[in-house]
Amino acid sequence: MINVLITGSSSGIGAETAKVLEAKGYRIFRTGRKQLDIDHYLSIDLSCFEHAKMLYENVIQEFGSIDILINNAGEYYYSPIERVHDYDIERVTLLNLTIPYYLTALCVSQMKEKRFGRIINISSISASVGEANASLYAATKAGLFGMTKSLALELAQYNITVNCISPGWVETPLISDINEEDRAEILDVVPQRRFIKPIEISNLIKYLISDEAKGLTGQNINLCAGLSVGS
Ligand code: NAD
C-alpha cells in the first residue's frame, strides 16, 4: 500500500486529487479546515508548527509511513503591499511555505530509509510571472521553487523526486468570490480563454508520482492554459 498525505484536500484541487489517487489504489490521508466525518481525515490549521507536527504524528499512527507528500493547502492573498498586516505576513508565509517545508522535513527520513518518495509542491503561476497586489502570495509560492530544486538534488540518490506544479486560474472555491466582470477580464488574458479544471492538476499529480515519471525531478510545471507565455 502506498500512503499519500494531501494537505488541503477538503475542497478544490486537493479533494479532486484525493478522489483520483484513491481510484488508483493509493491510501489517502486528507486534511482541511472543515469538520468532516470521514476516515483518515484531520481538520487542522496548517499555519502553525504544533498542528503540522500533530498531523504528521496522526498519519504515522494510522498509516505507519508517508510515501508521498502533496503540499497543497494554501491561501490566496490580495492586497497592495502597504496594507498588508504583519500577522497576515506571518500566517500566509507559514501556510504557503514554512509548513510545507516543515512537513517535508518530517517525512524525509523515512522516505530515505525506504528509498522511495514523491514530494509535490503546489505553487502558482503568480510566482513566476508576478501579479500586482499579490506580492505576499507570489513570494511564498516562489519560495517553493527554491525548496523544490534544492531538495531534488539532495534526495535524488534516494529515489525521491521533488516537483512543483504552478497552476494558472483553476475553477475552485479559492476563486469563487470573483465577480462575473472580473472573471471576464481574467479570461481575456488567458490564451486558452478558460479556467483550468481541478482534475487537470490531479491528473498531472497522478503522473508525477507514478513510476513512469521517476526521471522527472526538480521541475516546475506551469499548468495554466498558456498564461505563462503571454496573453
Ligand atoms: P480551495 O480553497 O478549494 O482549497 C484550499 C484547501 O486548503 C482547503 O482544503 C482548505 O481547507 C485548505 N486550507 C486553507 N487554509 C488553510 C489553513 N490555514 N490550514 C489548513 N488548511 C487550509 O483552493 P484550491 O484552489 O484547491 O487551492 C489549492 C492550492 O492550489 C493552493 O495552494 C493554491 O494556492 C493553489 N493554487 C490555486 C489556484 C486557483 O486558481 N484555484 C491557482 C494557483 C494555485
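Visitor: In which crossing does α3 pass α5?
Guide: A right-handed one: the near helix is turned clockwise from the far one by less than a right angle. Helices here are DSSP runs (H or I, at least four residues), numbered from the N terminus. This is a predicted model: local features need pLDDT of at least 70, side-chain atom pairs count only at pLDDT 80 or more, and totals for chains, interfaces and linings use all residues. Residues are numbered from 1 along each chain as its sequence is written, and side-chain values use heavy atoms, without hydrogens and water.

Visitor: At what angle do they pack?
Guide: About 15°, with the axes 9 Å apart. Axes are lines fitted to C-alpha atoms over the stretch in contact, and angles run from 0 to 180 degrees between N-to-C directions. So α3 and α5 are roughly parallel (under 35 degrees).

Visitor: Which residues make the contact?
Guide: From α3, they include I89, V92 and Y101. From α5, L136, M147 and L151 are among them. Contact means heavy atoms within 4.5 Å.

Visitor: New topic. How many cavities of 30 Å³ or more are there?
Guide: Two. A cavity is a set of points on a 1 Å grid, over the protein atoms alone, where a 1.4 Å probe fits but cannot get out.

Visitor: How much space is in the largest?
Guide: About 50 Å³, the space filled by probe spheres set on the points.

Visitor: What lines the largest cavity?
Guide: T7, L46, N71, N72, A73, L95, I99, P100 and L103, each with an atom within 4 Å of a point. α3 gives the most, four residues.

Visitor: And the second largest cavity, what lines that?
Guide: N71, N72, A73, N96, P100, I122, K141 and L144. Both α3 and α5 give two or more residues to that lining.

Terms used. Parallel < 35°, antiparallel > 145°, perpendicular 65-115°, else oblique. 1 Å grid on protein atoms, 1.4 Å probe; cavity = no way out; pocket = protein on both sides within 12 Å on 5 of 7 lines; lining within 4 Å.
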